[in-house]
Amino acid sequence: MPTSSATNSHLIAAGFHALSDPIRIGVLELLRKREQCVCDLCDALGVNQSKLSFHLKNLKEAGLVNARQEGRWIYYSLQVSQFAVLEQYLADYRRISQISPARCCDMEANSEAD
């Protein structure tokens, strides 16, 4: 069974991968407004259902969207908690930029000069 850290790393990588495609970004932008049926997403994005299904699968695997079935239609919505995980991951790097550079590099430069 994967560790929590490994699982978290997988979700972060999957989340950024899912955000790397313009169609998936378009889906997320549409879902910001409201939950939508797959047929409405197809119409709004101008893509066929099989192509959109591939992208929705990526978004679901990354934990960025929820899906629920109602009758014969599947409705998608944002899973905000996963966006918070990605946001926190980036925020951690913002804090790193405030840390001064490692002193070991300065020591190596001094030893080469001797």
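Trainee: Is Glu 29 buried, partly exposed or exposed?

Mentor: The reading rests on relative accessible area: buried means under 20%, exposed means over 50%, and partly exposed lies in between (1.4 Å probe, protein chains only). Glu 29 has a relative accessible area of 40%, so the residue is partly exposed. Please keep in mind that this is a predicted model, in which local features need pLDDT of at least 70 and side-chain atom pairs count only at pLDDT 80 or more, while totals for chains, interfaces and linings use all residues. Residues are numbered from 1 along each chain as its sequence is written, and side-chain values use heavy atoms, with hydrogens and water left out.

Trainee: With which side chain does Glu 29 meet in a salt bridge?

Mentor: A salt bridge is a side-chain nitrogen of Lys or Arg within 4 Å of a carboxyl oxygen of Asp or Glu. Here the partner of Glu 29 is Arg 32, at 3.2 Å from N to O. Both residues belong to helix α2 and are three residues apart, about one turn of the helix. Arg 32 counts as exposed, because its relative accessibility is 61%.

Trainee: How many salt bridges does the structure hold?

Mentor: There are four salt bridges in the structure. One of them joins Arg 68 to Glu 35, with the closest N and O atoms 2.7 Å apart. This pair links distant parts of the chain: Arg 68 is in strand β2 (residues 65-70) and Glu 35 is in the loop between α2 and β1 (36-37), 33 residues apart. Arg 68 also forms a salt bridge with Glu 70, again with 2.7 Å between the closest N and O atoms.

Trainee: Which residues have the most contacts inside the largest nonpolar core?

Mentor: In soluble globular proteins, nonpolar side chains tend to be buried together. A nonpolar core is a set of buried Ala, Val, Leu, Ile, Met, Phe, Trp, Tyr and Cys residues joined through side-chain atoms within 4.5 Å. The largest one here has 20 residues, and those with the most contacts inside it are Val 27, Leu 41, Leu 52, Leu 56, Leu 59, Leu 64 and Tyr 76. Two or more residues come from each of α1 (4-18), α2 (22-33), α3 (38-45) and α4 (49-61). Helix α2 gives the most, with five residues. Contact means heavy atoms within 4.5 Å. Not counting residues up to four places away in sequence, Leu 56 touches Val 27, Val 38, Leu 41, Val 65 and Tyr 76.

Trainee: What does Gly 15 contact, leaving aside its neighbours within four places in sequence?

Mentor: Gly 15 is in contact with Ala 62, Leu 64 and Leu 86 when those neighbours are left aside. Gly 15 lies in helix α1 and is buried, at 0% relative accessibility. Gly 15 and Val 85, 70 residues apart in sequence, are 9.2 Å apart in space, C-alpha to C-alpha.

Trainee: How many aromatic pairs does the count come to?

Mentor: Rings of Phe, Tyr and Trp (its six-membered ring) pair if their centres lie within 6.5 Å; planes under 30 degrees apart count as stacked, over 60 as edge-to-face and the rest as tilted. By this rule, there are two aromatic pairs. Phe 16 and Tyr 89 form a tilted pair, 6.0 Å centre to centre with 55° between the planes. Phe 16 is in helix α1 and Tyr 89 in helix α5 (residues 80-96), so the pair ties together parts 73 residues apart in sequence. Tyr 89 and Tyr 93 form an edge-to-face pair, 5.2 Å centre to centre with 65° between the planes. Phe 16, Tyr 89 and Tyr 93 form one aromatic cluster.

Conventions:
Helix = DSSP H or I, 4+ residues; strand = E, 2+ residues; numbered from the N terminus.
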